[in-house]
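Student: I should like to learn how to read a model of this kind, feature by feature. May we take one topic at a time?

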Amino acid sequence: MPKLTIDGCPVEVPEGTSILKAARTIGVAIPTLCQMENVHAIGACRVCVVEVEGARSLAASCVMPVAEGMKIHTQTQRVREARKAVVELLLSEHDGDCQVCDRNDDCELQALANKLNVKIVPYPGVRTSGGIDDSTPGLVRDSGKCIKCRRCVSVCGQVQEVGALFPQFRGFKTVIGPAFGADLDKVACVQCGQCAAVCPVGAITEKSNIEEVWAALDDKSKTVVVQVAPAVRASLGECFGMAPGTLVTGKMVAALRRLKFDAVFDTNFTADLTIIEEGHELLHRLTTAVKDKGEVALPQFTSCSPGWIRYMEYFYPEMLPYLSTCKSPQQMFGALAKTYWAAKVGKKAEDIFVVSVMPCHAKKSESGRPEMTDSGVRDVDVALTTRELGRMIKQAGIDFERMPEESMDSLMGASTGAADIFANTGGVMEAALRTVWEVVTGRELPFLNLHVPPLMGLEGIKHAEVTIAGAVPAWSFLEGVTVKVAVASGLGNARKLVEKIKSGEASYHFVEIMTCPGGCIGGGGQPRTTTNEIRQKRLEAIYREDEGKKLRKSHENPEVAQIYAEFLGVPLGEKSHHLLHTEYAARARV
Amino acid sequence: MGWRGGEHRGNRTMTEPACKCNCQQDVDEAKCLKRLDVVIREYRDKPGALIPVLQMAQGIFGYLPESALKKISLGLDKSYSEVAGVVGFYSFFSTVPRGKNLIRVCLGTACYVRGGMQVLEAIRKNLGIDVGQTTPDRQFSLEVARCFGACGLAPAITINDDVHQRVKSAKVHEIINSYRKKSKSTVAKKKVKA
């Protein structure tokens, strides 16, 4: 391990560690605008420069590895002036509208300018031109604000392996964006929004639908209902300065009531419903394969994550039959709110306005898919991100931390712990196993605390196997069958898994895929900036929420039982087929 | 097959001969796409294949039409935005059809200080086109480049694969005329250097 000094302090770190990382171990936070832990260090922004004794020029500390005997200075006059000059130059090009910019409260460039005591921009340079690209339902790009840090390029190309964004052209004319400077809707973008989650400035943000929601709330003729995704309760607090991993379910419900939503419901309800439908779909496929020895598409892939759906449509159209036909919980909710619930309250589908709060940009895109109109009108009218809800609550002057703990409204508000864990990578699989195991064996899933440890945690690809023992007579043909499952989060990991399945290197019965690393808790629409440490805290919070519930298996949800008894009939029945299931279409990648 | 720097200096590659179809006529795109398939198959699994394949595609088509770029994107499993990013970065690549003869004027430091701009100006006047344009008879396209690595010959220009050294503005018309004649007299034999 090389020994060196940073600002006079002795440091010993493993070979290959960057100076930037080494400095953090002794409490020196070298600023950077481009580096992303575990993803990307390319020395693009030059803000992280430090002085290395004996070296002629300043070194970019994010890419310079430590060496034995190095003497590094991070706060000499030369370093201070260089960093300041870099930020001044970035600001001279930055076509910002800081007072009204979406990132006004969390812009990394603005914060750094402040921190480095930049008071004027002495260079009257040409501004980056760009124009606004709002061609897609979920994202807005403003290239004039882009500082070319290339975080989005790395996250889109390497983490998600989508590659919609790439540096185009050259020199000052460089634009980070789709092919030849085209709009985003001209290339294969899955709308995961991980680019917006890592952008240090306001160059990529969500397309805001806040005004549409206010308009609906003000419209006396509309009954406005809101549904909240599981992951939001573990992250919304961060919008108000609460620690990552703070559960705010009750406060969130109270705040939504104060925003004057007519009913506050839970996407968890349709998450439980998804488990019933998707679990039966899996059992149906297993029956065909094991009992009838028929041809059937296995493994079955989950279909909750709309970025993943678009990814399959673009990149693996031949694999579409493997996707579960279940709609995502968001869309199941919309279709049921405008049929089942509408009938209960004596309203017509067109008089109900469904808002969803999601950790996600792809949900905006999904809600606008033309086939998502099974209630007769658009099933989900608006999907907001967690960040947008945070903003609405602030705009309304609601003191979030002082909200009382309230509960969801009933009929589509009850949920079990199995629904909560939809937020985490591995959660849908665990929830499905809790129910499917019990259907097949009549007994509880034989794991401590109902958790399946190999499926928990932030690893990108996970596997588990359970051998069915003691099947009830109806499912006796599954006796002794080893059910193999796999879980992947992040589309790059999904791709690796799909390729293994395609080549025959691995085989599974059921595979859960979440578009974003870590699952929905790491969604593109979550409060910025999501690091692995923050992912871990949100993940643990979600498991706490699950463990705190009396009911932890989807089939125990009383409101789910009620909807089957009163409205849907049986799982995979005709009504379900019409309202809760969907189909997919291949899309051209180029 | 290697593709180290220097082997692909010309507008075509060493391994892929130019399109047989004469660019004075319409390029038979389908035929060219078929030839591109062969190239992609050969390079598919080689690391760093994108640039050589783009070079060969430009050799086949004379430029890089959208249909070729999309085929390369799918064939090499590179996103279309990445393929476009590489094409847009290098001035060598063109997404618009070029003339039969490509004139590149070096404006690297040495050529610049030894009169490269004046040479460029003379060529522009002679052909009546601007940088990046093609003459209406599709005989000549004009581009600028930064340093051919022939600084000792400054100011230098290239026409197709030929390097012309110590070019004087007054001699420009002679050089260009020799290619005009060549084009006419050897039209049947000459390989197209788009």
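Student: How many helices and strands does the secondary structure of chain A come to?

Tutor: Helices (H or I, at least four residues) and strands (E, at least two) are DSSP runs, numbered from the N terminus. On that basis chain A of this predicted model has 18 helices and 18 strands. The radius of gyration, taken over C-alpha atoms, is compared with a globule rule of 2.2 Å times the number of residues to the power 0.38. For chain A the radius is 25 Å, close to the 25 Å that the rule gives for 590 residues, so the chain is as compact as a globular protein of that length. Along the principal axes, its C-alpha atoms fill a box of roughly 80 × 55 × 50 Å.

Student: What conventions apply to numbering and to confidence?

Tutor: Residues are numbered from 1 along each chain as its sequence is written, while chains are lettered from A and ligands numbered from 1 in the order in which they are written. Because this is a predicted model, local features need pLDDT of at least 70 and side-chain atom pairs count only at pLDDT 80 or more, whereas totals for chains, interfaces and linings use all residues.

Student: Into which domains is chain A divided?

Tutor: Domain bounds come from an automatic or database domain assignment. Here they give domain 1 (3-75), domain 2 (123-206), domain 3 (210-269 + 330-402) and domain 4 (274-327 + 415-579). The centres of domain 1 and domain 2 of chain A, taken over C-alpha atoms, are separated by 28 Å. Two residues are in contact if their C-beta atoms, placed from the backbone, lie within 7 Å. The contact between these two domains takes 8 residues from domain 1 and 11 residues from domain 2.

Student: How many residues of chain B are in contact with chain A, and which element gives the most?

Tutor: 11 residues of chain B are in contact with 15 residues of chain A. On the chain B side, α3 (66-75) and α4 (80-89) are the elements that give two or more residues, and α4(B) gives the most, with 7 residues.

Student: In what order do the strands of the open sheet in chain B stand?

Tutor: Two strands pair if DSSP finds at least two bridges between them. In chain B, 4 strands form an open sheet in the order β2-β1-β3-β4, with mixed pairing. β2 (140-145) and β4 (162-164) of chain B stand at the edges with a single partner strand each, so one side of each is left without a neighbour in the sheet. Strand β1 (residues 101-106) of chain B pairs with β2(B) in the parallel sense over 6 bridges. B:R104 stands opposite B:E143 in β2(B).

Student: What is the mean pLDDT of chain B?

Tutor: pLDDT is the predictor's confidence in each residue, from 0 to 100. The mean for chain B is 83, and 80% of its residues reach 70 or more. Over residues 1-26 of chain B the pLDDT is below 50. Where pLDDT is low, the predicted coordinates should not be read in detail.
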